[in-house]
Amino acid sequence: MSVLLLLSAGRGPRECTWALAQLLHRLIGDGTGRGLTIQQVESVPGDRPGTYRSVLIQISGAGAEPFAASWTGTLCWQAPSPYRTTAGRKNWYVTAQPPQLDAPPTPFDEADVEIVGCRTGGPGGQHRNKASTAVRATHRPSGIVVVVDEERQFSLNRRVALQLLRQRIEHGNEAARRAVTTARWRIHDQLVRGDPVRVERPEPQRPGRRG
(Lines give C-alpha, C1' and ligand atoms only; values in the text may rest on other atoms or scores of the structure.)
Protein backbone atom coordinates (compact mmCIF):
# COMPACT_ATOMS: atom_id res chain seq x y z
CA MET A 1 0.00 0.00 0.00
CA SER A 2 1.29 3.44 -0.91
CA VAL A 3 -0.23 6.92 -0.88
CA LEU A 4 0.88 10.34 -2.06
CA LEU A 5 0.88 13.46 0.07
CA LEU A 6 1.64 16.98 -1.13
CA LEU A 7 3.06 19.42 1.42
CA SER A 8 2.90 23.09 0.50
CA ALA A 9 4.01 26.33 2.11
CA GLY A 10 1.28 28.06 0.12
CA ARG A 11 2.02 31.68 -0.52
CA GLY A 12 3.33 32.29 2.97
CA PRO A 13 6.61 34.03 3.91
CA ARG A 14 10.00 32.35 3.72
CA GLU A 15 9.57 31.06 7.26
CA CYS A 16 6.84 28.76 5.92
CA THR A 17 9.28 27.18 3.47
CA TRP A 18 11.64 26.60 6.40
CA ALA A 19 8.75 25.23 8.48
CA LEU A 20 7.87 22.82 5.65
CA ALA A 21 11.41 21.40 5.75
CA GLN A 22 11.19 20.97 9.54
CA LEU A 23 7.76 19.33 9.33
CA LEU A 24 8.92 17.05 6.51
CA HIS A 25 11.84 15.89 8.65
CA ARG A 26 9.47 15.29 11.56
CA LEU A 27 7.01 13.41 9.32
CA ILE A 28 9.74 11.17 7.91
CA GLY A 29 11.00 10.40 11.40
CA ASP A 30 7.49 9.57 12.55
CA GLY A 31 6.85 7.38 9.53
CA THR A 32 10.09 5.43 9.59
CA GLY A 33 9.57 4.82 13.30
CA ARG A 34 6.34 3.07 12.32
CA GLY A 35 8.05 0.92 9.71
CA LEU A 36 6.94 3.00 6.72
CA THR A 37 9.01 4.01 3.72
CA ILE A 38 8.80 7.66 2.69
CA GLN A 39 10.29 8.94 -0.54
CA GLN A 40 10.35 12.37 -2.14
CA VAL A 41 8.77 12.25 -5.59
CA GLU A 42 8.94 15.93 -6.52
CA SER A 43 10.01 19.11 -4.78
CA VAL A 44 10.07 22.86 -5.38
CA PRO A 45 12.85 24.48 -3.35
CA GLY A 46 12.45 27.70 -1.44
CA ASP A 47 14.73 30.69 -1.82
CA ARG A 48 16.92 29.61 1.09
CA PRO A 49 19.06 26.43 1.15
CA GLY A 50 17.32 23.47 2.70
CA THR A 51 13.83 24.96 2.41
CA TYR A 52 10.89 23.90 0.26
CA ARG A 53 7.98 25.67 -1.34
CA SER A 54 6.35 22.27 -1.86
CA VAL A 55 7.21 18.58 -1.63
CA LEU A 56 5.35 15.57 -3.01
CA ILE A 57 6.07 12.41 -1.03
CA GLN A 58 5.11 8.77 -1.38
CA ILE A 59 4.34 6.85 1.80
CA SER A 60 4.55 3.05 1.50
CA GLY A 61 3.93 0.17 3.86
CA ALA A 62 1.27 -1.26 6.12
CA GLY A 63 -0.75 1.54 7.65
CA ALA A 64 0.29 4.11 5.06
CA GLU A 65 -3.25 5.45 4.60
CA PRO A 66 -4.08 6.15 8.27
CA PHE A 67 -0.60 7.58 8.79
CA ALA A 68 -1.04 9.95 5.84
CA ALA A 69 -4.48 10.90 7.14
CA SER A 70 -2.95 11.83 10.51
CA TRP A 71 -0.70 14.32 8.68
CA THR A 72 -3.39 15.69 6.35
CA GLY A 73 -4.65 19.23 6.83
CA THR A 74 -3.09 22.39 8.19
CA LEU A 75 0.20 21.76 9.99
CA CYS A 76 1.89 24.23 12.29
CA TRP A 77 5.58 24.53 13.11
CA GLN A 78 5.88 26.52 16.29
CA ALA A 79 9.29 28.15 16.66
CA PRO A 80 10.93 31.57 16.39
CA SER A 81 11.82 32.79 12.91
CA PRO A 82 15.38 31.87 11.90
CA TYR A 83 15.47 34.90 9.58
CA ARG A 84 13.92 37.75 11.59
CA THR A 85 14.91 37.99 15.22
CA THR A 86 12.37 40.75 15.81
CA ALA A 87 9.42 38.77 14.44
CA GLY A 88 6.90 38.21 17.19
CA ARG A 89 5.07 35.52 15.28
CA LYS A 90 6.07 31.94 16.09
CA ASN A 91 3.42 29.91 14.26
CA TRP A 92 4.26 28.95 10.68
CA TYR A 93 1.63 27.09 8.70
CA VAL A 94 1.90 24.43 6.00
CA THR A 95 -0.80 22.42 4.28
CA ALA A 96 -0.66 18.71 3.48
CA GLN A 97 -3.20 17.22 1.09
CA PRO A 98 -3.49 14.14 -1.13
CA PRO A 99 -2.84 15.37 -4.68
CA GLN A 100 -4.81 14.54 -7.77
CA LEU A 101 -3.23 11.48 -9.35
CA ASP A 102 -1.63 11.58 -12.77
CA ALA A 103 -4.02 10.46 -15.46
CA PRO A 104 -2.60 7.42 -17.27
CA PRO A 105 -1.83 8.47 -20.85
CA THR A 106 -3.86 6.97 -23.66
CA PRO A 107 -1.48 4.97 -25.86
CA PHE A 108 -1.73 5.07 -29.64
CA ASP A 109 -1.42 1.83 -31.55
CA GLU A 110 -2.58 1.43 -35.14
CA ALA A 111 -3.91 -2.01 -34.20
CA ASP A 112 -6.50 -0.21 -32.05
CA VAL A 113 -7.81 1.80 -35.01
CA GLU A 114 -10.74 0.60 -37.09
CA ILE A 115 -10.53 1.85 -40.68
CA VAL A 116 -13.52 1.71 -43.01
CA GLY A 117 -14.12 3.23 -46.42
CA CYS A 118 -17.02 5.61 -46.81
CA ARG A 119 -18.55 8.02 -49.27
CA THR A 120 -18.85 11.73 -48.64
CA GLY A 121 -20.40 14.55 -50.58
CA GLY A 122 -18.76 17.71 -51.77
CA PRO A 123 -16.13 18.43 -54.43
CA GLY A 124 -14.28 15.57 -56.03
CA GLY A 125 -16.62 14.21 -58.62
CA GLN A 126 -18.56 11.00 -58.89
CA HIS A 127 -15.41 8.86 -59.15
CA ARG A 128 -14.37 9.56 -55.58
CA ASN A 129 -17.85 8.84 -54.23
CA LYS A 130 -18.27 5.59 -56.14
CA ALA A 131 -14.79 4.35 -55.20
CA SER A 132 -15.35 5.09 -51.46
CA THR A 133 -11.94 6.72 -51.16
CA ALA A 134 -12.91 8.58 -47.97
CA VAL A 135 -11.82 7.06 -44.66
CA ARG A 136 -13.63 6.79 -41.37
CA ALA A 137 -11.11 5.95 -38.61
CA THR A 138 -12.14 5.07 -35.06
CA HIS A 139 -9.68 4.77 -32.19
CA ARG A 140 -11.49 2.12 -30.15
CA PRO A 141 -9.92 2.74 -26.68
CA SER A 142 -10.77 6.46 -26.68
CA GLY A 143 -13.74 6.51 -29.03
CA ILE A 144 -12.23 9.32 -31.12
CA VAL A 145 -13.49 9.30 -34.71
CA VAL A 146 -12.16 11.17 -37.74
CA VAL A 147 -13.39 11.22 -41.32
CA VAL A 148 -10.92 12.18 -44.05
CA ASP A 149 -11.71 12.71 -47.73
CA GLU A 150 -8.98 15.17 -48.67
CA GLU A 151 -7.23 12.88 -51.14
CA ARG A 152 -8.40 10.88 -54.11
CA GLN A 153 -6.65 7.73 -52.93
CA PHE A 154 -7.88 5.61 -50.04
CA SER A 155 -4.32 4.91 -48.83
CA LEU A 156 -3.51 8.62 -48.59
CA ASN A 157 -6.70 9.37 -46.68
CA ARG A 158 -5.91 6.46 -44.37
CA ARG A 159 -2.47 7.92 -43.64
CA VAL A 160 -3.93 11.35 -42.90
CA ALA A 161 -6.60 9.83 -40.66
CA LEU A 162 -4.00 7.97 -38.60
CA GLN A 163 -1.94 11.15 -38.22
CA LEU A 164 -5.00 13.08 -37.05
CA LEU A 165 -5.89 10.42 -34.50
CA ARG A 166 -2.35 10.35 -33.15
CA GLN A 167 -2.31 14.15 -32.80
CA ARG A 168 -5.67 14.27 -31.04
CA ILE A 169 -4.66 11.58 -28.57
CA GLU A 170 -1.34 13.33 -27.84
CA HIS A 171 -3.19 16.64 -27.32
CA GLY A 172 -5.66 14.88 -25.02
CA ASN A 173 -2.83 13.40 -22.97
CA GLU A 174 -1.14 16.80 -22.68
CA ALA A 175 -4.42 18.44 -21.62
CA ALA A 176 -4.88 15.77 -18.94
CA ARG A 177 -1.35 16.38 -17.62
CA ARG A 178 -1.98 20.14 -17.47
CA ALA A 179 -5.24 19.56 -15.61
CA VAL A 180 -3.45 17.46 -12.98
CA THR A 181 -0.74 20.10 -12.58
CA THR A 182 -3.37 22.84 -12.22
CA ALA A 183 -5.26 20.83 -9.61
CA ARG A 184 -2.06 20.31 -7.62
CA TRP A 185 -1.23 24.01 -7.69
CA ARG A 186 -4.68 24.80 -6.32
CA ILE A 187 -3.57 23.09 -3.12
CA HIS A 188 -1.09 25.92 -2.61
CA ASP A 189 -4.01 28.33 -2.36
CA GLN A 190 -5.99 26.14 0.05
CA LEU A 191 -3.76 26.77 3.05
CA VAL A 192 -5.92 27.79 6.00
CA ARG A 193 -3.93 29.36 8.79
CA GLY A 194 -5.15 28.53 12.27
CA ASP A 195 -6.87 25.46 13.71
CA PRO A 196 -4.07 23.08 12.67
CA VAL A 197 -4.47 19.31 12.85
CA ARG A 198 -0.93 19.08 14.22
CA VAL A 199 1.37 21.46 16.07
CA GLU A 200 5.01 20.45 16.03
CA ARG A 201 7.92 22.08 17.83
CA PRO A 202 11.69 21.64 17.84
CA GLU A 203 12.98 18.95 20.16
CA PRO A 204 14.11 20.49 23.45
CA GLN A 205 17.86 20.66 23.68
CA ARG A 206 19.31 18.29 26.21
CA PRO A 207 21.71 19.86 28.68
CA GLY A 208 25.29 18.77 28.14
CA ARG A 209 26.94 16.53 30.65
CA ARG A 210 29.46 18.24 32.84
CA GLY A 211 32.88 16.74 33.20
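Which residue takes a positive phi in the hairpin of S7 and S8? I found Gly 143 there, with a phi near 80°, and four residues between the two strands.

**Ground rules.** I am reading a predicted model, where local features need pLDDT of at least 70, side-chain atom pairs count only at pLDDT 80 or more, and totals for chains, interfaces and linings use all residues. Residues are numbered from 1 along each chain as its sequence is written, and side-chain values use heavy atoms, with hydrogens and water left out. My element names follow DSSP runs, numbered from the N terminus: helices are H or I with at least four residues, strands are E with at least two.

**The three-stranded sheet.** I stayed with S7 and looked up its sheet. The sheet is open, with the order S6-S7-S8 and antiparallel pairing. S6 and S8 are at the edges with a single partner strand each, so one side of each has no neighbour in the sheet. On average, neighbouring strands here are turned by 15° against each other, direction ignored. For pairing, I count two strands as paired if DSSP finds at least two bridges between them. Strand S6 (residues 113–118) and S7 share six bridges, and Gly 117 stands opposite Val 135. S7 and strand S8 (residues 144–148) are joined by five bridges. Val 135 has Val 148 as its bridge partner in S8, while His 139 has Ile 144.

Is S7 enclosed or open to the outside? I noted that five of the six residues of S7 (residues 134–139) are buried, so this strand is largely enclosed by the rest of the structure. Buried means under 20% relative accessible area, exposed over 50%, and partly exposed in between (1.4 Å probe, protein chains only).

**The six-stranded sheet.** Next I turned to the other open sheet, which has mixed pairing and the order S2-S3-S1-S5-S4-S9. Its edge strands are S2 and strand S9 (198–200), each pairing on one side only. From one strand to the next the twist averages 25°. S1 and S3 run antiparallel and are joined by seven bridges; Ser 2 stands opposite Ser 60, and Ser 8 pairs with Ser 54. Strand S2 (residues 37–45) also pairs with S3 in the antiparallel sense, over eight bridges, with Gln 40 opposite Ile 57. The hairpin of S2 and S3 has six residues between the strands, and Gly 50 takes a positive phi near 80° in it.

I also checked H1, which lies across S1, S2, S3, S4, S5 and S9 and runs at about 15° to S3. Axes are lines fitted to C-alpha atoms, for helices over the stretch in contact, and angles run from 0 to 180 degrees between N-to-C directions.

**Cores.** A nonpolar core is a set of buried Ala, Val, Leu, Ile, Met, Phe, Trp, Tyr and Cys residues joined through side-chain atoms within 4.5 Å. The largest has 26 residues, and Leu 5, Leu 7, Leu 27, Ile 57, Ile 59, Phe 67 and Trp 71 touch the most other members. H1 gives the largest share of this core, seven residues. Another core of 11 residues lies apart from it, with Val 113, Val 135, Val 148 and Ala 161 among its members.

**Salt bridges.** I count a salt bridge when a side-chain nitrogen of Lys or Arg is within 4 Å of a carboxyl oxygen of Asp or Glu. The whole structure has five. Arg 84 and Glu 15 meet in one of them, at 2.7 Å, N to O. Arg 84 lies in the loop between S4 and S5 and Glu 15 in helix H1, so the pair ties together parts that are 69 residues apart in sequence. Glu 15 is buried at 0% relative accessible area, whereas Arg 84 is partly exposed at 41%.

Arg 26 and Glu 200 form another, at 2.8 Å, N to O, and both are buried. I also found Arg 26, Asp 30, Arg 34, Arg 198 and Glu 200 linked in a network of salt bridges.

**Cysteines.** My last entry concerns disulfides, pairs of cysteine sulfur atoms within 2.5 Å: the structure holds zero. The sulfur of Cys 76 is 9.4 Å from the closest cysteine sulfur, in Cys 16, which is too far for a bond.

Key:
Contact = heavy atoms within 4.5 Å.
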